[in-house]
Amino acid sequence: MKIISFGDIHEDTSNLVKIKSVLETVDLIVLSGDLTNCHGKIEAKNVLDTIRKHNKNILVQYGNMDLPEVNDYLTKEGINLHGNGYIFDDVGIFGCGGSTPTPFNTPSEIPESDIEKYLTNGYNKVKNAKWKIMVCHTPPKDTVTDVVRSGMHVGSVTVRNFIEKHKPHVCISGHIHESRGKDKIGDTIVLNAGMFRDGWYIEVIIDKSGLSATLKSVA
């Protein structure tokens, strides 16, 4: 199975043309959050429609910069990862959107306790899968994926604790644009592709030889 993931799109889909052949051939596209710039269903639908021209196999969750109505829209579409989980053969994918509280009062911020609840809800739906991929818009604390420009780590303690307890094979995050990178918590690979318009995405391949998860450039 081949999966690609990106997030923090913020309504800018211009880089899609550069990975057209990739989009058309992967088994699944996962969007990790922030489809819009503080907008709602109409803008989110525009983003999804553009991606679906290349591949209709897609799972999505809202981010802190999406209005709550985006979460409702994704649920009605049957593609919402937030607090949910899906199994494809022996691969389970679950997620949590929104973000922990920020200094900027963005539209969809949730407390740490809710992050644990939504991750648990999703995990319980995939816990029997051989391979587990966790998609959390907020990155885990104290990794290379959660560092803002000041050097402060602003990720979620809850997300990190969840990884340490449940040990998913991969954690895909986003949210902190300047913190594109790859790290590990125990055996869990943690990735943040940064903002999509900056030209990066995540590739996860699962086959007979095992699992690989890497950052890829659209260039």
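## The E10–E11 hairpin

In this predicted model, a hairpin of 2 residues joins E10 to E11. Strand E10 covers residues 200-207, and strand E11 covers residues 210-217. The two strands pair in the antiparallel sense, over 8 bridges. Within this pairing, valine 204 stands opposite alanine 213 of E11.

## The open sheet

Six strands form an open sheet with mixed pairing. Their order is E4-E5-E6-E7-E9-E8. Which strands stand at the edges? They are E4 (85-88) and E8 (181-185). Each has a single partner strand, so one side of each is left without a neighbour in the sheet. From one strand to the next, the twist averages 20 degrees.

Isoleucine 185 has threonine 188 of E9 as its bridge partner.

## Helices on the sheet

Two helices can be followed against these strands. Helix H4 (residues 112-126) lies across E4, E5 (91-96) and E6 (131-136). H4 runs at about 165 degrees to E5. Helix H5 (residues 157-166) packs on the sheet as well. H5 touches E5, E6, E7 (170-173), E8 and E9. The direction of H5 makes about 175 degrees with that of E6.

## How H4 meets H5

H4 and H5 also pack against each other, at an angle of about 30 degrees. Their axes are 9 Å apart. The crossing of H4 past H5 is right-handed.

Which residues of H4 meet H5? They are Glu112, Ile115, Glu116, Leu119, Thr120 and Tyr123. From H5 come Val157, Thr158, Val159, Phe162 and His166. By class, this contact of H4 with H5 holds 6 nonpolar, 3 polar and 2 charged residues.

## How H2 meets H3

Another helix pair is H2 (residues 41-52) and H3 (residues 68-77). Their axes come within 9 Å and cross at roughly 45 degrees. That angle makes H2 oblique to H3. H2 passes H3 in a right-handed crossing.

On the H2 side, the contact is made by Lys41, Ala44, Lys45, Leu48 and Arg52. On the H3 side, Glu69, Val70, Tyr73, Leu74 and Glu77 take part. What is the make-up of the contact of H2 with H3 by class? There are 5 nonpolar and 5 charged residues, with no polar ones.

How values were computed: Residues numbered from 1 in each chain as written. Predicted model: local features only at pLDDT ≥ 70, side-chain atom pairs only at ≥ 80, totals over all residues. Heavy atoms only, no water. Axes fitted to C-alpha atoms, helices over the stretch in contact; angles between N-to-C directions. Helix = DSSP H or I, 4+ residues; strand = E, 2+ residues; numbered from the N terminus. Parallel < 35°, antiparallel > 145°, perpendicular 65-115°, else oblique. Left-handed = near helix turned anticlockwise from the far one by under 90°. Contact = heavy atoms within 4.5 Å. Nonpolar A, V, L, I, M, F, W, Y, C, P; charged D, E, K, R; others polar. Pairing = 2+ DSSP bridges.
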